[in-house]
Amino acid sequence: MAATHNHCPNPECKQHLTKVIGHRVGVDLTHLNSSKMTEAVTGITYKCPHCGTILGCQIDPIAIMGDSVEQTVKGLRKSMNPDAFGESFSK
Ligand SMILES: [Zn+2]
């Protein structure tokens, strides 16, 4: 029988899950060969608090938001720096 929702899928556990434990892990995206994904990003694994079975994994949305803000700010700073425009603006 398939595991019901909110129960651990581990047949030796099957505990009712009222919460799961999140752990930050590195997610290596370098094999995707995308120039924008050359660095490892942060992900989260979700584990059963009773037996430790990993129930799922996803990219850490909070870390991604932080990285996006950081990259946006860096981009804005660069675009506001006259040096970044090269000689076309120095005339
Ligand atoms: Zn379990």
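Trainee: Let's start with strand S3: is it buried or in the open?

Mentor: Strand S3, residues 54–59, lies largely in the open, because of its six residues the number buried is zero. A residue is buried if 20 or more other C-beta atoms lie within 10 Å of its own, exposed if 12 or fewer, and partly exposed in between, with C-beta atoms placed from the backbone. Strands here are DSSP runs (E, at least two residues) and helices are DSSP runs too (H or I, at least four), numbered from the N terminus. This is a predicted model, where local features need pLDDT of at least 70, side-chain atom pairs count only at pLDDT 80 or more, and totals for chains, interfaces and linings use all residues. Residues are numbered from 1 along each chain as its sequence is written.

Trainee: Thanks! What is the mean pLDDT of the protein?

Mentor: The mean is 80, and 76% of the residues reach 70 or more. pLDDT is the predictor's confidence in each residue, from 0 to 100. Where pLDDT is low, the predicted coordinates should not be read in detail.

Trainee: And where is confidence lowest and where is it highest?

Mentor: Confidence is lowest in H1, with a mean of 83, and highest in S3, at 92.

Trainee: Okay, new topic. How many helices and strands does the protein have?

Mentor: There are one helix and three strands.

Trainee: How many bridges join S1 and S2?

Mentor: S1 and S2 pair over seven bridges, in the antiparallel sense. Two strands pair if DSSP finds at least two bridges between them. As one example, Arg-24 has Ile-44 in S2 as its bridge partner.

Trainee: Which residue in S3 partners Ile-44?

Mentor: That is Gln-58. S2 (residues 41–47) and S3 also pair in the antiparallel sense, over five bridges. You can look for Gly-43 opposite Ile-59 in S3, and for Tyr-46 opposite Gly-56 in S3.

Trainee: What about the hairpin of S2 and S3: how many residues are between the strands?

Mentor: Six residues are between the strands, and in this hairpin Gly-52 takes a positive phi near 85 degrees.

Trainee: Which residue has a positive phi although it is not a glycine?

Mentor: Lys-14, with a phi of about 55 degrees. Most residues other than glycine have a negative phi, and most peptide bonds are trans. Lys-14 lies in the segment before S1. Lys-14 counts as partly exposed because 15 C-beta neighbours lie inside 10 Å.

Trainee: Now Thr-45. Which residues does Thr-45 touch?

Mentor: Leaving out residues up to four places away in sequence, Thr-45 touches His-23, Val-25, Ile-54 and Cys-57. Two residues are in contact if their C-beta atoms, placed from the backbone, lie within 7 Å. Thr-45 lies in strand S2 and is partly exposed, because it has 16 C-beta neighbours inside 10 Å. Thr-45 and Gly-22 are 23 residues apart in sequence, yet 5.5 Å apart in space, C-alpha to C-alpha.

Trainee: Last one, the helix. How many residues does H1 have?

Mentor: Helix H1 (residues 61–80) has 20 residues and reaches 28 Å from its first C-alpha to its last, close to the 28 Å expected at 1.5 Å a residue. The expected span is 1.5 Å times one less than the number of residues. H1 lies largely in the open, because of its 20 residues the number buried is zero. Pro-61 lies in this helix and counts as exposed, because it has 11 C-beta neighbours inside 10 Å.

Trainee: What share of the protein's residues is buried?

Mentor: Buried residues make up 3% of the 91 residues in the protein.
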